[in-house]
2 protein chains.
Amino acid sequence: MDKPYKEFLTAHGIKSTTQRNIVLDLLHEMDGPASAEDLYLKAVSLYPSVNLSTIYRMLELFHSKNIVVKNMLSESKKTIYELNTDTHKHYMVCMKCKRIFPLEHCPCFLIEKAVSEYSDFEIRDHKLEIMGYCASCK
Amino acid sequence: MDKPYKEFLTAHGIKSTTQRNIVLDLLHEMDGPASAEDLYLKAVSLYPSVNLSTIYRMLELFHSKNIVVKNMLSESKKTIYELNTDTHKHYMVCMKCKRIFPLEHCPCFLIEKAVSEYSDFEIRDHKLEIMGYCASCK
DNA sequence: ATCAGTGCAAAAGCTTTGCAGCGGT
DNA sequence: ACCGCTGCAAAGCTTTTGCACTGAT
């Protein structure tokens, strides 16, 4: 089992293990966010002895190192994870096919500006979730 | 035990019970959203035999009748409930005191307009969650 | 009297944790 | 050889469900 992310992991001060390399690879290949179970199911087919709790611990570790971002969409009650690209993470969720479409360019500044005009709240971050129908479902 | 919401409940086609009147009263008196457990703890002090599962069933029923709205904020993993006032429900969460401030006037149109300019997604609803520091914590 | 509503207990679903053994450095 | 990582099993937490009894109409 080769470990393509060995340097990346040691640079973050954490050990390079087979499981971590597999999960990092899966995270890189995904086009959207995934739940711990999604990742687990994919990882099992590559490395059958892997355990769900290892995935959870790993994702939590990656999160603490800012390698992945965590989110939760209101419908699912499941935490979703994806690589941190240092951009805001907002999503459009299709109400029919349930697919999640990451939204890279969010008009954040419009929101923050408008909100700050009528409230005494110091905004540090925000989450936006958009629901509707995707191009193929509408 | 008087039942101030009897007419309201029968108008929605559901029976007026002591427990439902208590919870409706609690919902009216709150200034923000509350979890099922929050409501349960308040209800128990007024009606000790009440059960958490009754609260959940009631809130789900109220939700199906559009009497309450459900939401979940990303930090908590708990569903929060509040009376439906037919306005969008967005929240500002203080990162220090954890209090939740409902945001009545959201610049929704700005978001929807900007998003529709660069995506082929038919927007039906959206959720906005703002994190930062409230006036007394910042 | 009927049948929806309730309390209780158990289960379900997602996530976390304790512990002993394994594996990377 | 050390100590962090992992697998396994059990527990934790929120929410749901089955069932028999209660209470509103």
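Guide: A polar contact is a pair of N or O atoms within 3.5 Å; within protein, one must be able to donate a hydrogen and the other to accept it, and sequence-adjacent residues count only through side-chain atoms on both sides. This is a predicted model: local features need pLDDT of at least 70 and side-chain atom pairs pLDDT 80 or more, while totals for chains, interfaces and linings use all residues. Residues are numbered from 1 along each chain as written, chains are lettered from A and ligands numbered from 1 in the order written, and side-chain values use heavy atoms, without hydrogens or water.

Visitor: Good, let's start with the DNA. Which residues come nearest to DNA strand D?

Guide: A:Thr17, A:Gln19, A:Thr54, B:Tyr56 and B:Thr79 come nearest, out of 23 residues around DNA strand D. Being near means having a heavy atom within 4 Å.

Visitor: And which side-chain atom lies 3.2 Å from a base oxygen of DNA strand D?

Guide: That is a polar atom in the side chain of B:Arg57. The side chain of A:Ser53 also reaches a base, with a polar atom 3.1 Å from a nitrogen in DNA strand D.

Visitor: Which helix gives the most to the surface near DNA strand D?

Guide: H4(B), with four residues. Helices here are DSSP runs (H or I, at least four residues), strands are E runs (at least two), and both are numbered from the N terminus. At least two residues each come from H2 (18-29) and H4 of chain A and from H4 (52-64) of chain B.

Visitor: Okay, over to the other strand. Which residues are closest to DNA strand C?

Guide: The closest are A:Tyr56, A:Thr79, B:Thr17, B:Gln19 and B:Thr54, among 24 residues that surround DNA strand C. Within 4 Å of the protein, 70% of the atoms of DNA strand C belong to sugar or phosphate, with the rest in bases.

Visitor: What is 2.8 Å from a sugar or linking oxygen there?

Guide: An N or O atom in the side chain of B:Gln19. Two lysines of chain A take part as well: A:Lys15 has a side-chain N or O atom 3.2 Å from a base nitrogen of DNA strand C, and A:Lys6 has one 3.4 Å from a phosphate oxygen of DNA strand C. The elements giving two or more residues to this surface are H4 of chain A with H2 (18-29) and H4 of chain B. H4(A) gives the most to the surface near DNA strand C, with four residues.

Visitor: Changing topic: how much space lies in the largest pocket?

Guide: About 1,100 Å³. On a 1 Å grid over the protein atoms alone, a pocket is an open set of points that fit a 1.4 Å probe, with protein on both sides within 12 Å along at least five of seven lines; lining residues have an atom within 4 Å of a point. Points join across faces, edges and corners, and the volume is the space filled by probe spheres set on them.

Visitor: What about B:Lys127: buried or exposed?

Guide: B:Lys127 counts as buried because its relative accessibility is 17%, where buried means under 20%, exposed over 50% and partly exposed in between (1.4 Å probe, protein chains only). B:Lys127 lies in strand E6 of chain B, and its side chain makes a polar contact with that of B:Asn71 at 3.3 Å.

Visitor: Which residues is B:Lys127 in contact with, leaving aside neighbours within four places in sequence?

Guide: They include A:Lys127, A:Glu75 and A:Glu129 from chain A, and B:Lys70 and B:His90 from chain B. Contact means heavy atoms within 4.5 Å.

Visitor: And where is B:Ser35 found?

Guide: In strand E1 of chain B. B:Ser35 is buried, with a relative accessible area of 3%. Beyond four places in sequence, B:Ser35 is in contact with B:Lys78, B:Thr79, B:Ile80 and B:Tyr81.

Visitor: Last one: how many helices and strands are in chain A?

Guide: Five helices and six strands, in the order α-α-β-α-α-β-β-β-β-α-β along the sequence. Of the 138 residues in chain A, 44% are buried.
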